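Let's take a look at the pockets in this one, and at a residue beside one of them.

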Amino acid sequence: MNKAIFLDRDGVLIEDLHYNCNIDKIYIKKEILPMLKFLQNQYKLIVITNQSGVARGKFLLKDVETFNKYMIEKFAKHGVY
């Protein structure tokens, strides 16, 4: 059996800047990195996010995908996958 933890993107993993899709404004919460490093040894880490800014026309789905890809790369640089 695989175990997993579901983590909300905005406000839990990164600072919530409301409708942020700017990769230059991805601020990883410092206290989250040690916890994620510990947890990933026993759990699969899954990021979830509700991006209502897409429906509201604040940004496009492709912008969210670019943002998420870059965020994943930033976490990987800290050893979190």
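This is a predicted model: local features need pLDDT of at least 70, side-chain atom pairs count only at pLDDT 80 or more; totals for chains, interfaces and linings use all residues.

Residues are numbered from 1 along each chain as its sequence is written, and side-chain values use heavy atoms, leaving out hydrogens and water.

A pocket here is an open set of points on a 1 Å grid over the protein atoms alone, where a 1.4 Å probe fits, with protein on both sides within 12 Å along at least five of seven lines; lining residues have an atom within 4 Å of a point. Volume is the space filled by probe spheres set on the points.

| Pocket | Volume |
|---|---|
| Largest pocket | about 250 Å³ |
| Second largest pocket | about 180 Å³ |

For the largest pocket, 14 residues form the lining, with Leu 13, Val 47, Met 71, Ile 72 and Tyr 81 closest to the centre. That lining splits into eleven nonpolar, two polar and one charged. Helix α3 gives the most, four residues.

The second largest pocket has 13 lining residues, and Asp 10, Asp 16, Tyr 19, Asn 50 and Gln 51 sit closest to its centre. Here the count is two nonpolar, seven polar and four charged.

So what about Gln 51, buried or exposed? Gln 51 is buried (under 20% relative accessible area), at 14%. Its side chain makes polar contacts (N or O atoms within 3.5 Å, one able to donate a hydrogen and the other to accept it) with the side chains of Asp 10 at 2.9 Å and Thr 49 at 2.4 Å.

Technical notes:
Helices (H or I, at least four residues) and strands (E, at least two) are DSSP runs, numbered from the N terminus. Ala, Val, Leu, Ile, Met, Phe, Trp, Tyr, Cys and Pro count as nonpolar, Asp, Glu, Lys and Arg as charged, and the others, Gly among them, as polar. Buried means under 20% relative accessible area, exposed over 50%, partly exposed in between (1.4 Å probe, protein chains only).
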